[in-house]
Amino acid sequence: MSTISINRQAELRLLVSTFLSERLESKLEKLDPDDPKRDELRQQFIPATWLEDAARRAAQIQAVTHSLKPVHPDAKGTNLYSPPSTLAGIELVGSHCLGDAFAGDVVGNAAALDVYKFLKQMHEGHSLLALSVAGDADLAAALSDDPAQAQAWLQAFATLTEPRGRVTSHTLAKQLYWQIGDDVQAADSYHLLSPLYASSLAHRVYETLQDDRFSEAAKAARDARKANTFSERPVHEYPQMAAQQLGGTKPQNISQLNSERRGNNCLLASLPPVWRSTDLKPLLNTDSMFHRYSRRPEVRQAVKDLLAFLKTDPTRNVATRSKRAAWVNLLIDEFLQFTAELRSLEPGWSQTPQCKLTESECRWLDDDGVNVTDAELDRVRPTDIPERICAAFANWLNAQLRPPLPMGDPEFLAWRNAMMEEIKAQEREGTHAE
């Protein structure tokens with residue numbers, strides 16, 4: 001990169017001038033034709049003027065691959081710029097897996113982020129920042145005809161990758177002792193570590209997940225799976241994924257990449273294995289989940305006992321209501337256990353053509369799978385699914401008892417309310433558990 005090339009200098013000079021022109025035009029478009037600020041802006045974007053100011057403001061930001069701000073937004077310790085190719089190649093997944101094609105992040109004064117955007121401009125596979133760090137002679141010549149001035153700007157831009165001050169941690173940063181020796185009571189048996197957020201790796205993960213979930217190619221692959229046709233692209237799913245929001249309403253205060261993600265940082269599920277019966281299968285080629293539910297031995301017996309009891313026309317008193325409630329509660333418990341087992345299946349099974357269940361039952365049993373389809377079709381999720389399921393349960397139980405018993409609206413309301421109370425109780429327990 002140190003060989004002088006007139007053509008290369010011209011290409012780099014054009015790259016610089018194009019960036020400045022486009023940025024100037026984007027600002028001028030926001031002003032009225034007679035706004036006096038237009039002349040002021042044109043003066044600011046004269047290359048020599050803008051580059052001088054950019055070199056000055058470069059000290060306000062720092063290029064990083066590992067950032068401290070996501071650990072705590074007010075922490076003021078060291079951030080690091082460690083290109084993946086310089087990291088040790090270990091078997092675990094880490095930043096070293098990114099190779100040369102990684103997205104560098106930047107922290108510092110958000111008002112100086114345009115300097116980093118300038119240095120991200122690419123020429124022949126190298127960013128202007130990389131060329132600055134390498135002391136590229138052609139870039140220097142493209143920046144200014146004055147060699148001393150060009151070198152000063154080049155060095156100022158190159159400092160973006162250097163740590164600011166001595167390496168330090170901070171009271172608001174996390175710290176942990178990592179044992180390296182055998183004597184657990186000896187101070188020299190530990191390294192004191194200050195973890196940093198792997199910003200470049202987190203951004204690659206975010207981009208990959210966005211592509212797998214929302215890209216047109218991923219949607220086509222999922223459509224092919226639903227239609228049971230071949231697709232070269234595999235379908236990747238990330239069940240029970242969570243998102244960590246960093247920076248609140250101002251994600252740019254954390255870092256540039258965090259701002260590009262609108263503060264969203266993906267957290268993949270890290271959970272113990274879930275036990276699943278080998279005969280547990282999705283509900284396919286049936287129009288109601290109650291067909292299989294009715295075949296459960298406990299359900300059949302409870303319905304049989306309840307029907308036999310009610311056919312005796314028992315006296316309407318507290319004892320009768322208690323006995324009836326006990327059988328109904330048993331049926332409700334079995335129903336919730338039945339649906340909980342089906343919810344442990346791989347998400348998406350309800351979105352196959354073989355699934356004939358109603359929309360409510362699909363959402364009740366395969367919520368994550370339906371959510372993916374909602375996102376693809378831009379559908380709004382109904383808010384009354386529990387109410388619909390409770391009504392379906394009440395209708396099913398009335399049908400089991402009628403005939404010979406004359407089941408009507410009072411019984412329907414009783415079964416439905418009992419189921420709703422149990423669902424709400426479970427939701428409250430889940431909230432407290434969290």
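Colleague: Why does His-66 count as buried?

Modeller: This is a predicted model, in which local features need pLDDT of at least 70 and side-chain atom pairs count only at pLDDT 80 or more, while totals for chains, interfaces and linings use all residues. Residues are numbered from 1 along each chain as its sequence is written, and side-chain values use heavy atoms, with hydrogens and water left out. Buried means under 20% relative accessible area, exposed means over 50%, and partly exposed lies in between (1.4 Å probe, protein chains only). His-66 has 15% relative accessibility and therefore counts as buried.

Colleague: What makes the pair His-66 and Thr-65 a polar contact?

Modeller: A polar contact is a pair of N or O atoms within 3.5 Å; within protein, one must be able to donate a hydrogen and the other to accept it, and residues adjacent in sequence count only if both atoms are side-chain atoms. The contact between His-66 and Thr-65 joins their side chains at 2.8 Å. Beyond residues up to four places away in sequence, His-66 touches, among others, Asn-79, Leu-87 and Tyr-197, where contact means heavy atoms within 4.5 Å.

Colleague: Which backbone oxygen lies 2.5 Å from a polar atom of the side chain of Ser-294?

Modeller: That oxygen belongs to Phe-290. Ser-294 is buried, because its relative accessibility is 19%. Leaving aside neighbours within four places in sequence, Ser-294 is in contact with Val-299, Arg-300 and Trp-396.

Colleague: How many disulfides are there?

Modeller: A disulfide is a pair of cysteine sulfur atoms within 2.5 Å, and by this rule the count comes to 0. For Cys-266, the nearest cysteine sulfur is that of Cys-97, 18 Å away, and Cys-266 is in no disulfide. For Cys-355, the nearest is that of Cys-362, at 3.9 Å, and Cys-355 is likewise in no disulfide.

Colleague: Why is Cys-355 called buried, and why does Cys-266 count as partly exposed?

Modeller: Cys-355 has a relative accessible area of 11% and is therefore buried. Cys-266 stands at 23% relative accessibility, so it counts as partly exposed.

Colleague: What makes Glu-341 and Arg-296 a salt bridge?

Modeller: A salt bridge is a side-chain nitrogen of Lys or Arg within 4 Å of a carboxyl oxygen of Asp or Glu. The closest N and O atoms of Glu-341 and Arg-296 are 3.4 Å apart. The pair links distant parts of the chain, with the partners 45 residues apart and Glu-341 in helix α13. Arg-296 counts as buried because its relative accessibility is 16%, whereas Glu-341, at 29%, counts as partly exposed.

Colleague: Where do Arg-363 and Glu-359 lie?

Modeller: Both are in helix α14 (residues 359-365), 4 residues apart, about one turn of the helix; helices are DSSP runs of H or I with at least four residues, and strands are runs of E with at least two, numbered from the N terminus. Arg-363 and Glu-359 form a salt bridge, their closest N and O atoms being 2.9 Å apart. Arg-363 has a relative accessible area of 2%, so it is buried; Glu-359, with 44%, is therefore partly exposed.

Colleague: How many salt bridges are there by this rule?

Modeller: The count comes to 22 salt bridges. One of them joins the side chains of Arg-381 and Asp-367, at 2.5 Å from N to O.
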